[in-house]
Structure formats: structure tokens, C-alpha cells
Amino acid sequence: FQDPRGLPLGWSQCLTSRGELYWYQNSTGGTTRTDPRGMPKDWALILHKKGNSFEKWFVYQNMIPTKVDPRGLPDIFSQHATATGRVYFMDHQAQLTTWIDPRTLMQK
């Protein structure tokens, strides 16, 4: 569980029945596994309703949005650590884990 303090205005931190974190945007009713905190200066995370789901967009200085997270991990991934501190990544779409940081694969 992460400390919910410091969330941007209009966001709530939630847990699934399996204990996985997600965030809820009050104004849109959308949810994401991407923590809205820690955005670089002048960036904001917004959720845009499209059909029955929500798209995640990152906006720089209220300009044209992009789907590229300026902080790193794709939305379908979360980062975890073993009891010994070794970092691994969970792919929530494929329901698999990997030791390989997905950001390194995106750079190739």
C-alpha cells in the first residue's frame, strides 16, 4: 500500500479485491494503474472517456495530449520487489511477471 497523501486534486487511491493499487479520477469516473503523482513540472495525467472505457493522456502545459507517459512504465505494468529487494515487473494484461524493465524494450 502506498501513502495516499500528495495525490493531485481530484484523484483517489483505491485497492482491488486482490489488493492491487489503482487510482480513480473523480471528475471523469475513470481508473488507471498509473499513479498520477510525480508528474514532471507542467505535465498532467487526464483520463478521457472513449466508449465504455477511458483513455489515459498526458498533457504538457495544457497543450496537445500524448499517450507517452513522461515518467516511464506503460499502464499495463506495475513494479514490485521480492523479499530480497530484487525488482520485477507485472504485466497486468498478459498476467505475467518479468525481470526485464519494459522501458528498456520500448527504447529499442
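Two strands pair if DSSP finds at least two bridges between them. Helices (H or I, at least four residues) and strands (E, at least two) are DSSP runs, numbered from the N terminus. In S7, phenylalanine 89 is the bridge partner of glutamine 79. This is a predicted model: local features need pLDDT of at least 70, side-chain atom pairs count only at pLDDT 80 or more, and totals for chains, interfaces and linings use all residues. Residues are numbered from 1 along each chain as its sequence is written, and side-chain values use heavy atoms, with hydrogens and water left out.

**Sheet S6-S7-S8**
- The order S6-S7-S8 describes an open sheet of 3 strands with antiparallel pairing.
- Strand S6 (77–81) and S8 are the edge strands, and each pairs on one side only.
- From one strand to the next, the twist averages 30 degrees. Axes here are lines fitted to C-alpha atoms, for helices over the stretch in contact, and angles run from 0 to 180 degrees between N-to-C directions.
- S6 and S7 are joined by 5 bridges in the antiparallel sense.

**Aromatic pair**
- The whole structure holds 1 aromatic pair. Rings of Phe, Tyr and Trp (its six-membered ring) pair if their centres lie within 6.5 Å; planes under 30 degrees apart count as stacked, over 60 as edge-to-face and the rest as tilted.
- The partners are tyrosine 88 and tryptophan 99, edge-to-face, at 6.1 Å centre to centre with 80 degrees between the planes.
- Tyrosine 88 sits in strand S7 (residues 87–91), and tryptophan 99 in the loop between strand S8 (96–98) and helix H1 (102–106). The two are 11 residues apart, and the pair links distant parts of the chain.
- Tyrosine 88 has a relative accessible area of 24% and is partly exposed. Tryptophan 99 is also partly exposed, at 45%. The cut-offs are under 20% for buried, over 50% for exposed, and partly exposed in between (1.4 Å probe, protein chains only).

**Sheet S1-S2-S3**
- Here 3 strands form an open, antiparallel sheet in the order S1-S2-S3.
- Strand S1 (11–15) and strand S3 (30–32) each have a single partner strand, so one side of each lacks a neighbour in the sheet.
- Neighbouring strands are turned by 30 degrees against each other on average, direction ignored.
- S1 pairs with strand S2 (residues 21–25) over 5 antiparallel bridges. Leucine 15 has leucine 21 in S2 as its bridge partner.

**Glutamine 13**
- Glutamine 13 lies in strand S1. Its relative accessible area is 15%, so glutamine 13 counts as buried.
- Its side chain makes polar contacts with the side chains of tryptophan 23 (3.5 Å) and arginine 37 (3.3 Å). A polar contact is a pair of N or O atoms within 3.5 Å; within protein, one must be able to donate a hydrogen and the other to accept it, and residues adjacent in sequence count only if both atoms are side-chain atoms.
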